[in-house]
Amino acid sequence: MLWILCLVLCGLLAGTGADPGALLRLGMDIMNHEVRSAMEESHILEKMAAEASNPQAGGKAIKGLSNMKVKDVLEPVITLNFIPGVGIFQCVSTGMTITGKSFTGGNMEINVVLNITATNRLLKDEETGTPMFRSEGCEVILVSVKTNLPNNKAISKFVDSTLRKVLPGLMCPAIDAVLVYVNKKWVKLTDPMPVNQTGTVKYALTAPPTTTASYIQVDFSPVVQLPESQVIQLATEGSVPEFPEGSAKGSQLLLSASFLTAELALLQKSLDVNLKDKRVGKLSQTTGTLAGFIPQVAKTYHKPKPLLIKVKISKPPKVTMKAGKSLMHLHGSLEMFAARRHGKHPKSLFLLETHLGLEIHYSVHENMLQMATSLDSLLSLSRVSSSVGDFNEAELTSFITDYLQKAYIPVVNDALHIGLPLPDLLAINYNLAELDIVEDALVLGLKLMMLGVYTLLLLWGLATPCLGLLETVGTLARIDKDELGKAIQNSLVGGPILQNVLGTVTSVNQGLLGAGGLLGGGGLLSYGGIFSLVEELSGLKIEELTLPKVSIKLLPGFGVQLSLHTKVSLHGSGPVVGLLQLAAEVNVSSKVALGMSPRGTPILVLKRCNTLLGRISLMSGLLPTPIFGLVEQTLCKVLPGLLCPVVDSVLSVVNELLGATLSLVPLGTLGSVEFTLATLPLISNQYIELDVNPIVKSIAGDVIDFPKPRLPVKVPPKEDHTSQVTVPLYLFNTVFGLLQTNGALDLDITPEMVPRNIPLTTTDLAALAPEVLGKLPPGQNLLLSLRVAKAPMVTLQNKKATVSIPATIHVLSSVPQGSPVVLFQMNGVMTLNAQLAPSSTKLHITLSLERLSVQLASSFSQPFDASHLEEWLSDVVRAAYVQRLNEHLEVGIPLPKILNVNFANSAVAIIENAVVLTVAP
């Protein structure tokens, strides 16, 4: 038996050894280019639109709509994300205009912005052996809908419902059509490619391609074949070649040294050559020259005779590689002849065995790997035979080296000039590759040419996945997986979810253990077996369910792997076994997808649920071993049906919390902010990212068009176990804009509104600027009227928040029994520092005046230098205006409500054009 075991182990070890050949990593740059090219080549969206505009025979009409046509399909923005172990998540953001006749009889026009999403599963085509993509789970998500139909809920609901019915059938075929084009570019991958007339190379797949979070990897077992169909085996010794560290994001091709060795074996015969050069360099190739190294030659050949050299390679060339350097090893023989006259065959002088080391210089030309060599060293030289007597062959080293470098190496390079074929797939242009020699392999860093404006849009789409056609980035929320785990844990505490599981598993004459079940009469183990031992085992109930320990793992591009580890206590009874108490450890493992609900909220959807039964302990009572095994089998069958609904219930609670993301938050008397999702949720290894779009409305319900940011906000990286929410600059500007529109920034300041130590009379004013009063009497009260005609400007930069408010300031004198008299008017700018303090639901703003600058606009008396009044006016503004302004700002900047994350104790960081709140555990 030991020798059998040895053979098995040896076979296993052989299977896990080095896997020579070629490895290809396709990064997102290549895949984006291919999908984009396929979209452009197929013109698929335009075709879909044209088909939608043509009534199909037997097609079902849409109730209430007629003469539908689709036009103005916008240039799509494509976003791809790798899904480890699956393939690629694809999102195509586009827009279109749908026209026709509505049920009201008028012309209808609907402008739609939408996202088409699907999972492109990467498989191996069993017929061709090539990779292929297959689309799964296509969805169409409406981002925005604008129509010329009357604005009421019934019509909006009808339009929304109609589009959700029509668009999937119209748009989802576009994904399949694009994949047809992409899959065509894999077709030639496994075709044999000729190496001139010497043989062929075929890039056969070792296994189906695999997908990681950063790339698709294709492993090749290349087949190198001679014309006579003999396959050249690749060497299996040595270590497994690996891509260099830190190169996971780019596209790369790795060619192992053993694979290049096999390819060069096709050229072995081309390296055998007879050299007849009369002169190499400054030396003539005659016996006279040779005599300078071997004196015996002069004794045999008194007159110089031309030399002939025959080089024969006895072993296939071998390629070795160390970091930065590659050698071609040529083992063979070098035989030197002296030419003779009158047609006689040349006479052999000596035969040497040689081992040459040629340094290989790699390049790519016309998508072929090119090699050029130079003699690195003559690694060994030994004499096999000699007709001129004994000599020290080492003394020939310099002569042979010089001769080979100048006469033989050009022959080798001519043979290599044909080039070696590279994998033919996805229209990859290898000519731009950057080559790097690593341990036992050559790595080609694949590059793309500049692809124009659309590629820039595409790459920008990578930074903000599935951004669609929206022009701005909203409030960006990055929720750490710990917060999701906390929400799931909280849903299990104190609620009815676990209580609903408690109850009967088996009862008398029912269930798997009852008389009509697995062990009952007529069952698999009825009378005559062991039924008599368990027929009274009944009323098996779950009495207690330990609060599960929650563990989650985020699956980039897909969702969540959720595990609930719990302990189940079961009680039962019977005359034979008596009171029975069992405890079983159970792990409920679920795969949950993250998507978007029809309402536009993030939603977690259970895709798969399994239960793994752990250790079962008998706490009290007696249970025979056979029955114990049957109980274990029963629990394995029953528990999934009992515990998987727990996961559904948990997800329902969590989805309610996620649904609160879509909320309408009042802004006091100013209006409201409605939070919606701008794009599909993005999921990475550590967090869920939501691009929340805040829609600000006035108190009358009108949407406020806030200023668009010129550049996307550069959000700093999120640290592990923290959550972030980014509040963009435009929300600040919008709140202050609403304050200005509503007149909340205008104020009349009277002496009663300022402390007594701040003078507000004509006497005090005259002390600062005597020319102001003219003939007005002293001692009269002053009135300051501040009016803000333009919206304030908020600046967020250099860790500081400031607000600039332009104002017109009228200074008036109160006249007893009369109207106030305008003394002068100034144009001023108030610069205020903003202190930001988060609460659980808002970001609060408190202002303090930094400076006030004024210029005289007009005066009823004579002009004066208004800057003399700035200090006095600043005191007045601090005491009265800033205080009133802070009261209006108590509405704060609303924060999105996501999974009940409490931002009250968050750290505040002011970055360029945004404020970042970070919640630590």
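This is a predicted model: local features need pLDDT of at least 70, side-chain atom pairs count only at pLDDT 80 or more; totals for chains, interfaces and linings use all residues.
1. Contact here means heavy atoms within 4.5 Å. By that criterion, and leaving aside residues up to four places away in sequence, E359 touches K325, S326, L327, A372, T373, S374 and D376. E359 belongs to strand β20 (residues 347-365); strands are DSSP runs of E, at least two residues, numbered from the N terminus.

2. Residues are numbered from 1 along each chain as its sequence is written, and side-chain values use heavy atoms, with hydrogens and water left out.

3. E359 has 22% relative accessibility, so it counts as partly exposed (buried is under 20% relative accessible area, exposed over 50%, partly exposed in between; 1.4 Å probe, protein chains only). T211, in strand β9 (residues 210-211), is buried at 7%.

4. The whole structure has 18 salt bridges (a side-chain nitrogen of Lys or Arg within 4 Å of a carboxyl oxygen of Asp or Glu). D376 and K325 form one of them, with the closest N and O atoms 3.0 Å apart. This pair links strand β21 (residues 368-386) to strand β19 (residues 325-338), 51 residues apart.

5. R478 and E689 also meet in a salt bridge (2.9 Å, N to O). R478 lies in strand β25 and E689 in strand β35, so the pair ties together parts 211 residues apart in sequence. R478 is buried at 12%, and E689 is buried at 10%.

Conventions:
Helices (H or I, at least four residues) and strands (E, at least two) are DSSP runs, numbered from the N terminus.
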